[in-house]
Structure formats: structure tokens, C-alpha cells
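I opened the notebook to record what I looked up in this model, going through the sheets, some backbone details and then the ligand site.

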Amino acid sequence: MCGIVGYVGPNSSGRALEVVMDGLTRLEYRGYDSAGVALVGGSEVVGAKRAGKLSNLTKALAEQPLPETTTAIGHTRWATHGGPTDENAHPHRGGTDRKLALVHNGIIENFHSLRKQLIADGVVFSSETDTEVVAHLVSRAFAGTGDLTAAMREVVNTLHGAFTLLAVHSDQPDVVVGARRNSPLVVGLGEGENFLGSDVAAFIGYTRRALELGQDQIVTITPEGYTVIDFDGTPSDGKAYEVTWDAAAAEKGGFDTFMEKEIHEQPHAVADTLLGRTDETGLLVLDEMGLTEEDLRAIDKMVIVACGTAAYAGMVAKYAIERWARIPVEVELAHEFRYRDPVIDEKTLVVSISQSGETMDTLMAVRHAKELGARTISICNTHGSTIPRESDGVLYTHAGPEIAVASTKAFLAQITASYILGLYLVQVRRDQREGVAEVMSELQRIPEKIQELLGSMDRVKEIARFMADTRAVLFLGRHVGFPVAMEGALKLKELAYIHAEGFAAGELKHGPIALIEPGQPVFVVVPSPDSEHGLHGKVVSNIQEIRARGARTLVIAEEGDEDVEPFADEVIRVPRTSALLAPLLTVVPLQVFALELSTAKGLDVDQPRNLAKSVTVE
Ligand code: M6R
């Protein structure tokens, strides 16, 4: 959600401002509605903040003289407390002497009472934000201690909620202090310069050496080094690691949009997620599982918690894991799970799925599950993020950074990782090595099939362009095709702002068929003709039913499936694979369709309106 950058380095011309603006640009993908920077210069902190895109901020900065400085902080804001205005944009100043500036990601839950107290003490506020409260508190604490780290520590211990905070003070010009609780903050380690960022994208153009901070920790960076302490003052080392994502991976790589690039990275996302999961004998080995085989044998139920696209990956996982591992699997939206008193205990395995690892709803669900004694595993794309850190174990997806707000390659990687988890449970609980090897070998062929499919999307793009004025699109699917239909509808809502609904095809006759009128476009995800229980024939009948009522049928079917031809206005072919693995292919045309339609409408593909990449508030 909000993006945060901090920098301290040598006093060379414009470097601090350049690094911070570059970091903010790389963090744009997180979604924002205003931005600002603060530079420590002379006896005060200067800078600018503006509602809207970074170009507004750049313009405002160009209109004023800026100091040569070693130290700067920057912020892109996604409004929570107070609308997206210049006043509410960060950084916020504390006190009246223009010496302190502070940025914040998250929500301070007790800000009302703190603000009331400050107002009673005579403090005048210039914004509606919870952040400004913290800025005044840190400024006040600094007046007592003369040390920014000590001041930050004094204040964070009075705050409730989720926050990453960065502060600078002109009396300590070569220092940036950061603090984190329930919200991400990473340190970038350079030569004679150091960085802070909400994620590594903020400084990936300058250094690959990073430091992971723990929960409730404060970091102080100077040009020469850094120190980390816990909120109680205990010194800590932090955990250094090498960032494996390169700078180019965070850029568009020749495509017009990040989303298009990420759709084309899907063969790699699946292949890389499969990489290194088996030993030389073909046995699955999940190094970071965190739970012993005995633990996994004791499990009698699984609950998958996630939001949005990740939840649809969870729905696919349910079909596969129940089928293969014969263990009951529930799938629940994380925000519903947390508040309905779920029946789980130490025999329940709660699996969270999250690209960012920072989605607050999912994090809260994981915490709740832990409180209730459940074992927890996270399927996550972001190393060192909060959800995997707080789970017993993790299965990282290797999709690489996903920048576009609409999730694509992460979805395929999440499904792949769920299959691996399901197969691991088969191996551990049912001791069936052959079945596992068979599915793994079919999975290994998927990247090539996605590549082939991506090469045949011209007609899908044409259909999308013709449909730029369409007001509503329906999506039908059955079995694993049902979550694919929901995902197709979500992509279209997010990207093209078109009313779209995904239904289980069997549910049609129970109501949704009333929506069918002449010309209504309906995508139908058809199961493989080899599917069990005659599902294929049932869905072909559904196509006939809607066609008879005038629907325009856009059918996604396996190569060689001739049964659909007589009832389809368009047939979009996908390569053959086993029924349970089909979502890794059938969703691809739906992603391309939404992308193309959004482009045809001239919309912002990578940053659709009202959305943030990572939703770090409940
Ligand atoms: O980072 P997460 O996977 O936890 O995010 C979950 C959802 O917010 C996310 O999938 C969202 O639905 C996407 N915008 C969908 O494209």
C-alpha cells in the first residue's frame, strides 16, 4: 500500500533526492494517491508533498531551491485517515520549528485519544492524519532526549496498531530512524550510504545487500552503518541477506505494461516454483515446511485463508488436495474467517496464500489461527514478509516481483505451490510415491504449454477490442473451472471496470440464467472431456442452454474437444493437461482478455482506480 523510502549517504549533488525519488517511482506499483519527500538541509527540514501522481511532486520540488543534503525520506500514500489532499500527504512535520519530518505506513489505532491529548496541550494540527500525531509526539520526545532513536523508541511504545515509521531531524542531519510493527520495512546496505524501504524495490537499483528487521524493531541508519534495537531497547543484529531479484525484473522489460510482462513471465513463474522441490530419488523435499512429517500426519483438517485472487488459488487447491491427499479442506476469505469463531484446533493446518505476505486480513487470520492452536503454513511470493515470518512454515512461490496491481503470475505460482503442498501431503500421509511423480512430471510440462498458449492469443485480443463497449460479462465454470471463472470476472472488474460475475455452471438454473438475454457475452470454462463424473457433458449442456436464450458464447476448451463447436460463437483452445491442472492454462486467455479490453478502453492497466497492490489495512 503506502511506499516508504529513506536514504542517508555522502553529501554529493542531488544524490539523496535522486535516490528517494527513484525509490518512490519503483514503489508506485503499491498504489498511491499522493506523494512527498523531506530533505534535511541546514537548520530545518524542507521538501514538498502533493496529491496525485509523482509528476505533481516533481513539479513542486522544481519550483523551490533545495539544499545539498545527505539525508532524505519519501512517501507514496494510499489514503486511510483523511482524504488524498496535499495537507494529508506525507511527510508530516512535528512541533513548530520545522526540524522534524516523519512518514508512516499503516494505521495508528489509538490516534484519536493521542490527538485529543495533544490538542489539549495546545498542539495545532495541519492535517487529518493519524501520522501527524506521531510526528508531534516524536518531536516532543526529541526535545527531551536530543536523540532521534531514543525519541522514536519512547513514542512507539505508546502506539497501538500497525505501522512503519521513518523520521529525520535537522539536529541529527546524518541519521534516518525507522520503526516497524505489523508493517514491512527493509534495510538496504550500501558503501558509504544506506537505505530504508517498504520493500527491496525501493533500493534495488543501488544495492542487493539487505537486512531483514524483526517485529517491533527500530533501525537507525547513517552513511557508515546501522544499529537495530527492539522496542524495549535490547540490541539486535537483524538478518542480512542478498536480494536475488535484479533491477530489470522490477521494470517492464520491453512490454507496454507490467501486467503484460507478468503474463508473459508465467511459464517461468511456474517452472521456478517447481524448481528444487525434489531430491535425486524424486522424493519431494520442502525445506522451509517448518512442520515435521509427524505433525503433518496428525492433521485432520486444512483451512485455506486468503483474499481476492489468492483465495481463488485456494479454491483450486481444495479440489486438488482433497482429491489427492484425502484430507478435508475448507477455503475461506481471510476477513470472514477471523471474525466468525471458526472451529479449529491443533489438528488443523491453516494455509495462508498471499503474494505480498503483507495483506492485513490474511495476517490477522493467521494470527487468529495460531491463537486457537492451529499449525500454520504460508504460500507466499515475498521473502521475509510478515505472513511467512509469523507462520510455522512457508512454501515460497518463485514468481519474482509482481508489480501490476492485478495479480497474474502470482496466481499461477500460488496454484503450483498448492499442488506441491497437496502432493507432499500424499507422500507423507499416504506413502504414494508413484502418483506424486506422475503429477510432478505433468506439472513440469505446464510451462511449455503456457508458452504455446501465449503464442495463440491474437483472436482473444481481437474479441476483447470488439467488446470495448460491453456493459456486462458473465463467466461460467465447474469443478476447478469455477474458481477460474471467478478469477476471470475479477480481472475484468479490476482492469476494465466492467460488471462481471463468475458462476458455478451448475448454479445457472438456480437463478443466474435469468440474466441471459440476446447478445449477453458469456465465457464458459469447459472441463476436459476426460473429467470424471461426466462433467464435460454437463457443461456442454449448459452452453446449449444459454445459447438457446441468445447468449454469445465464448468457450475455453481443450484442443481436440469437438463437442463444444456447434454451440460456441468463439472457441479459445488451450493445450491438453490433466483435469486438476487445467486452471494453470484456462485462466491465461481470461487474463489476456481483461488486459486487452482495459487497454482498448484507454485505462491504467497497472494501477486501476481505487486499488492498491498490497492491502495492509483491515
Ligand atoms: O498480496 P495478496 O496475495 O495477499 O493479495 C490478495 C489480494 O488483495 C489480491 O490478490 C487482489 O485481489 C488482486 N488485486 C487481484 O488481482
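The model is a predicted one, in which local features need pLDDT of at least 70 and side-chain atom pairs count only at pLDDT 80 or more, while totals for chains, interfaces and linings use all residues. I number residues from 1 along each chain as its sequence is written, and side-chain values use heavy atoms, with hydrogens and water left out.

Entry one, strand β11. I looked up the partner of Ala210 and found Tyr241 in β15; four bridges join β11 to β15 (residues 239-242), and the two strands run antiparallel. I then turned to β9 (residues 186-189), which is joined to β11 by three bridges, again in an antiparallel arrangement, with Val187 having Leu211 of β11 as its bridge partner.

Entry two, the antiparallel sheet. I traced seven strands in an open sheet, in the order β5-β6-β7-β8-β12-β13-β14, with antiparallel pairing. Its edge strands are β5 and β14 (235-236), each of which pairs on one side only. Within this sheet I checked β6 (residues 100-108) and β7 (residues 161-169), which run antiparallel and are joined by nine bridges, and I saw that Ile108 stands opposite Gly161 in β7. Helix α4 (residues 130-145) lies across β5, β6, β7 and β8 (172-181), running at about 135° to β6; contact here means heavy atoms within 4.5 Å, and axes are lines fitted to C-alpha atoms, for helices over the stretch in contact, with angles from 0 to 180 degrees between N-to-C directions. I also looked at the loop between β4 (71-77) and β5 (92-94), where Pro91 is found, and recorded that a cis peptide bond joins His90 and Pro91, with omega about 0°.

I found five strands in an open sheet, ordered β22-β21-β23-β24-β25, with parallel pairing. Because β22 (499-504) and β25 (570-574) stand at the edges with a single partner strand each, one side of each is left without a neighbour in the sheet. Neighbouring strands of this sheet are turned by 20° against each other on average, direction ignored. I checked β21 (residues 472-477) against β23 (residues 521-525): the two run parallel and four bridges join them, and Leu474 stands opposite Val522 in β23. Helix α16 (residues 481-496) lies across β21, β22 and β23, running at about 175° to β22.

Entry four, the ligand. For polar contacts, taken as pairs of N or O atoms within 3.5 Å, I noted a polar side-chain atom of Ser356 at 2.7 Å from an oxygen atom of the ligand, and a polar side-chain atom of Lys491 at 3.0 Å from an oxygen atom of the ligand. A polar backbone atom of Val405 is 3.2 Å from a nitrogen atom of the ligand.

Notes:
Two strands pair if DSSP finds at least two bridges between them. A polar contact is a pair of N or O atoms within 3.5 Å; within protein, one must be able to donate a hydrogen and the other to accept it, and residues adjacent in sequence count only if both atoms are side-chain atoms.
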